[in-house]
Amino acid sequence: MVTRRGADAYHCGIDAAMDVIGGKWKVLILWALDERPHRFGELRRALDGVTEKVLASHLRELEDDGIVHREDFGEVPPRVEYSLTPLGRSLNDALAPLGDWGRANIGGVPPEPGEPVRGPGQPVGG
């Protein structure tokens, strides 16, 4: 993984991870690419409100960090597809518990201590 700062400049692993996923749109890009590869225009439509400039910048940074793979098919008209690398998939796996926590707490009422965090559609008993 390429980092924007030297490895010894990070205080902890979370600091390093936040350097990679920091920004309003990066986690949403990862979420969209977890479903399937997307072309640039598809990503832009999937992420309502992102500008072309910001999306292009974030994709370039994620590619530089080894999280996203950009495949240029060399066709006319140009066709480029973005997908997650194995490192990107492992990052999404690491973010999954954070998503679980967000879904469980989005209503403002945290689960009782010891209560398992459930995703949408999961029964209370399982």
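**Close-up views of the predicted model**

Figure 1. D72 has V80 of β3 as its bridge partner. The model is predicted. E71 also has a partner in β3, namely E81. Strand β2 covers residues 68-72. It is joined to β3 by five bridges, and the two strands run antiparallel.

**Figure 2. The pairing of β1 with β3.** Strand β1 takes in residues 38-39. Two bridges tie β1 to β3, again in the antiparallel sense. R39 has E81 of β3 as its bridge partner.

Figure 3. Three strands form an open sheet in the order β1-β3-β2, with antiparallel pairing. β1 and β2 stand at the edges with a single partner strand each, so one side of each has no neighbour in the sheet. Is β3 mostly covered or mostly uncovered? Strand β3 spans residues 80-84 and is mostly covered, with four of its five residues buried.

**Figure 4. The largest pocket.** This pocket holds about 310 Å³ of space. Which elements give two or more residues to its lining? They are α2 (26-35) and α5 (86-105). The largest share, seven residues, comes from α5. The lining includes V27, L28, L30, W31 and D34. N92, D93, L95, A96, L98, G99 and R103 also belong to it. By residue class, the lining of the largest pocket has seven nonpolar, two polar and three charged members.

**Figure 5. The second largest pocket.** About 210 Å³ of space lies here. α1 (13-21) and α5 each supply at least two lining residues. Helix α5 gives the most, with five residues. I14, A17, M18 and I21 are among the lining residues. How many of the lining residues are nonpolar, polar and charged? The lining has 10 nonpolar residues, no polar ones and no charged ones.

Figure 6. V27, L95 and L98 are listed for the largest pocket. Helix α5 gives the largest share of the lining in the largest pocket. α5 also gives the most to the lining of the second largest pocket.

**Figure 7. The whole protein, for orientation.** Five helices and three strands make up the secondary structure. Read from the N terminus, the elements follow the order α-α-β-α-α-β-β-α. The protein has 126 residues, and 28% of them are buried. Its exposed surface comes to about 8300 Å², and carbon and sulfur atoms supply 58% of that area. Among contacts with a separation of 6 or more, 41% are between residues 24 or more positions apart.

How values were computed
Residues numbered from 1 in each chain as written. Predicted model: local features only at pLDDT ≥ 70, side-chain atom pairs only at ≥ 80, totals over all residues. Heavy atoms only, no water. Buried < 20%, exposed > 50% of the residue type's maximum accessible area, 1.4 Å probe, protein only. Contact = heavy atoms within 4.5 Å. Areas by Shrake-Rupley, 256 points an atom, 1.4 Å probe, with all protein chains shown as cover. 1 Å grid on protein atoms, 1.4 Å probe; cavity = no way out; pocket = protein on both sides within 12 Å on 5 of 7 lines; lining within 4 Å. Points joined across faces, edges and corners; volume = space filled by probe spheres on them. Nonpolar A, V, L, I, M, F, W, Y, C, P; charged D, E, K, R; others polar. Pairing = 2+ DSSP bridges.
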